[in-house]
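This report concerns the aromatic rings of one protein model and a patch on its surface. Please examine the sequence and structure shown here before reading on.

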Amino acid sequence: MRKRGIGKQRYVLRVACRFCLLLLLIFANAHALVADTYSDRRVSVGLNLFGALLVADREADKKANEDGELPIYVLYADDRLEAEGYAQTLQKKLASIRDHRTRVESVSYNAYLAGETDPPLGIFISQRLTDSELEQLIRSSIDGGVILFSPFEGDVEKGVLGGLSVQASVRPYINQKALEQTGLAIKSFYLRVARIYE
């Protein structure tokens with residue numbers, strides 16, 4: 001009788017442990033899902049603000065390539081498929097700027113820094129980069145006078161030109177120092193509604 005009671009207790013304990021483990025896995029995955037959804041929302045909103053920032057560049061038409069196109073890049077570290085999806089979305093929303101066709105394409109971080117692409121009007125960062133990768137990209141965008149936009153939290157403070165500020169409402173977020181260093185001429189309407197990081 002006593003052995004049966006001990007066996008039953010062990011069984012209940014094993015079931016309880018498995019149940020706790022299952023709950024732990026569910027909550028861990030739910031947290032990752034919420035984080036991914038939050039990042040996806042920032043990227044979606046960011047694409048709209050990025051498009052508005054490109055249109056606000058008063059000298060955008062001077063940056064057309066030999067074919068009269070304005071190259072715009074969605075930059076990725078290792079997720080090409082996701083970047084291609086974002087590029088297609090942006091191309092549909094932004095077919096032209098000041099009578100120039102846009103050419104939106106996904107470009108790898110390494111290909112861009114190796115100089116394997118045309119100089120772009122703007123770059124949208126579609127994946128979080130390491131601090132050293134981001135630093136190199138910021139330097140390159142400043143040297144080339146390129147609009148650099150990141151939807152990820154903290155990147156504007158690190159030197160990226162544009163991003164988004166999520167408070168009571170979503171607003172463009174501009175790094176004043178990066179704007180001055182790139183020499184870009186952004187229309188005042190965009191700067192008036194933006195939150196400025198100095």
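## Aromatic pairs

Rings of Phe, Tyr and Trp (its six-membered ring) pair if their centres lie within 6.5 Å; planes under 30 degrees apart count as stacked, over 60 as edge-to-face and the rest as tilted. By this rule there are five aromatic pairs. F124 and F149 form a stacked pair, with 5.7 Å centre to centre and 15 degrees between the planes. This pair links distant parts of the chain, 25 residues apart: F124 lies in strand β4 (residues 122-125) and F149 in strand β5 (residues 147-149). Strands are DSSP runs (E, at least two residues), numbered from the N terminus.

F124 is buried, at 0% relative accessible area, and F149 is also buried, at 0%. Buried means under 20% relative accessible area, exposed over 50%, and partly exposed in between (1.4 Å probe, protein chains only). F50, F124 and F149 form one aromatic cluster.

## A tyrosine pair

Y173 and Y197 form an edge-to-face pair, with 6.4 Å centre to centre and 80 degrees between the planes. Y173 lies in strand β7 and Y197 in strand β8 (residues 195-197), so the pair ties together parts 24 residues apart in sequence. Y173 is buried at 6% relative accessibility, whereas Y197 is partly exposed at 29%.

V170 lies in strand β7 (residues 170-175). V170 is partly exposed, with a relative accessible area of 43%.

## Basis of the values

This is a predicted model: local features need pLDDT of at least 70, side-chain atom pairs count only at pLDDT 80 or more, and totals for chains, interfaces and linings use all residues. Residues are numbered from 1 along each chain as its sequence is written, and side-chain values use heavy atoms, with hydrogens and water left out.

Notes. Helix = DSSP H or I, 4+ residues; strand = E, 2+ residues; numbered from the N terminus.
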